[in-house]
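Dear colleague,

Please read the notes with the structure open beside them.

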Amino acid sequence: MDVPILSLLIFIPIVGSIVVYLLGRVRERFCELASLVITIVVFALSIYMYGSLLTSKEGASFSFIEGPYSWLSGFGVDYYLGVDGLSASLILISSILSVLVVLGSWDLITEKKPIYYFLILLFEGSIIGVFCSLNLILFYVFWEIVLIPMFFFIGVWGGPRRKYAAMKFLIFTYVGSVVMLLGFILIYLFTTPNTFNIPELVGKIPFWVQLLASAATFAGFGVKLPVVPLHTWLPDAHVEAPAPISVFLAGLLLKMGGYGFVRVNLGLLADASRQYAWIFIAFGILTMFYGALVAMVQRDLKRMIALTSINHMGFVLLGSFAGISASTTQAAVYGISGAIFQMFNHAAAIGILFMLSGYIHEQAGTRNIDELKGLRVGMPKTALVLILGSLAGMSVPMYSSFLSEWMVILGAISVNRWYALTVLIPILTVAYFLWMIKRTVLSPLPEHTHYHDLHNRAMVGLLLYLAPLFLLLIFPSLLLGIVDPLSLSLYQAAGGGR
C-alpha cells in the first residue's frame, strides 16, 4: 500500500495543532517543543517527496497522486492531490519556513502561546493543501482556511492598529477569493466534461470562458501576490503583524497568488494568457516600479521590507507571462522557471529580514530608521545579520535570488526589448537597502544608548534562512531540475514555438 505522503503533509500539522493546543494548556513550554517536532517531521516528509521528484526528473507531470475520491458527488468536488515541480518547490519552502518561524516565535511571542502554535500548524497544513490540490474547489477550501489563522495572528498578536489591519486584510482577500470562485464555477459550467479537476480541464476550456475566468481569477490571485493597485492591505498587515507572522505573510501567503497565476492562468487558461500576456506583464512592471520607488521613502524598517516584497513579486508576474508568450523555448524557460525560482528565493530572503526586524524592535525599542543608529557598535551581531539579509534582499550574486531575477529579466527582454528597463529595479533595490544600512549600521552610536544584541541561538536561527540561497546559487539544478521541465511543458501546451 502506498503511503499517502501528501495527505500526511497536510494533516500531520492540522491534527497536530489540536495536540499542541492541549499540551500548551498543561504547560506552555510543551506546545513550543511539540510544534518544533511536528514541523521538523513535516520538513522531513517534504524533503523525501521533493527528493523523489528530483531524482525521477518528473517535474512536468503530477506525482504522488491521491484520488480523485468523490467528496460532494454530483458537483464535481473531489479530494484530489498531486505535486509537480511548482507544487513541490513551494511545499518544501513552506516546511522550511515553518520550522524557522516556530524557532523565532520562541523569543518573540510571549502571550497566548497554546492558541498561537495551534494556528501556526493550522496555517502550515492548509497552505500545503493549497499547493497540492488538483480540484479547484478543494484548492478554494484550503485557500480560505489559510485566511483564518492569518486574521487572528494580525488581530490578536499585532501592533496598536491590529484590528484595523486584520479587518482590511480579511475584506480584501475574502472579496478577491469570492470573485475567484466565480471564475472557477464559470469554468465548471461551460466546459465539457463538467469538472473541477485540474488535469481533466487542461486544453478543454473554451476561449471566451478563459477570458472571463482570467478576469475573475486576477482578483483573487492579484490581491494575494499582491499586484498594484490591489496591494493596499499588505503594508498595514505587515506593520501590525508580529515578526514571525510577517515571515509567513511575505514568504508563503503572497506565493499563493504566484502559484495561482502559474497553475490556473498558465496551466488552464493558457490561450487567453498567451494572447493577452501584455496586460499581465504591464501590471507586473507597474508593481515592480511602484514597490521599489515607494520603499525608498519609508522610515519604518518593517514597512520598507514589506514594500520590497511588492517589488519582488512583480518579477513573478512578469516572468510567468513573458515566458508563456515568448517566441523561443529558451526564453520561455527563463521566464517561467525564473518566476518560480523567484518565489522560492524571495521566501527565504525576505524571511530573515522580517524576523530580524522583530528582534531589532524588541532590543532597540524602535524600527524607525531615523532613530536606529550605530548598530555596528551597539549590536554587532544584529548589524552583521542585517547586512547579510539586506544583500539577499538586493539579490547580489552571492545568493540564488540573483539568478532568479536575471532569468526573469532575460526572458522578458526576449519578448520585447523595452522590458530591458526592468534592469532598473535591481538598481533601485540596491539603492534603498544601502541607504538603510548607511543610516542604521554605519552611523555613529549616540551617547547614552544601550542596545541588547542577538543571542547565539537567535543568530543561528536567522542565518539558516540564507542556507538555501547559498546552496541554490552553487547548485541551481536542485530546483531548476524539476521546474524547467514543467516550464517547457506549460509553454508547449499553450502552443508556444509553433
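One cavity of 30 Å³ or more is counted, where a cavity is a set of points, on a 1 Å grid over the protein atoms alone, at which a 1.4 Å probe fits but cannot get out. This is a predicted model, in which local features need pLDDT of at least 70 and side-chain atom pairs count only at pLDDT 80 or more, while totals for chains, interfaces and linings use all residues. Residues are numbered from 1 along each chain as its sequence is written, and side-chain values use heavy atoms, with hydrogens and water left out.

The largest cavity holds about 60 Å³ of space, a volume being the space filled by probe spheres set on the grid points, which are joined across faces, edges and corners. Its lining residues (those with an atom within 4 Å of a point) include Thr308, His312, Gln342, His346 and Glu405. Helix α14 provides the largest share of this lining, five residues, and α13 (301-324), α16 (380-394) and α17 (400-415) each supply at least two; helices here are DSSP runs (H or I, at least four residues) numbered from the N terminus. By class, the lining of the largest cavity has four nonpolar, seven polar and one charged residues, with Ala, Val, Leu, Ile, Met, Phe, Trp, Tyr, Cys and Pro taken as nonpolar, Asp, Glu, Lys and Arg as charged, and the others, Gly among them, as polar.

The largest pocket (a pocket is an open set of points with protein on both sides within 12 Å along at least five of seven lines) has a volume of about 490 Å³. Of the 23 residues that line the largest pocket, Leu108, Trp157, Pro242, Ala243 and His361 are the closest to its centre. Helix α14 (329-364) is among those that supply at least two lining residues, and α14 gives the most, with four. The lining of the largest pocket divides into ten nonpolar, six polar and seven charged residues.

Helices α6 (162-189) and α8 (207-224) each supply at least two of the patch residues, and α6 gives the most, with five. Val178 is found in α6 and counts as partly exposed because its relative accessibility is 30%, the class between buried (under 20%) and exposed (over 50%), with a 1.4 Å probe and protein chains only.

With best regards
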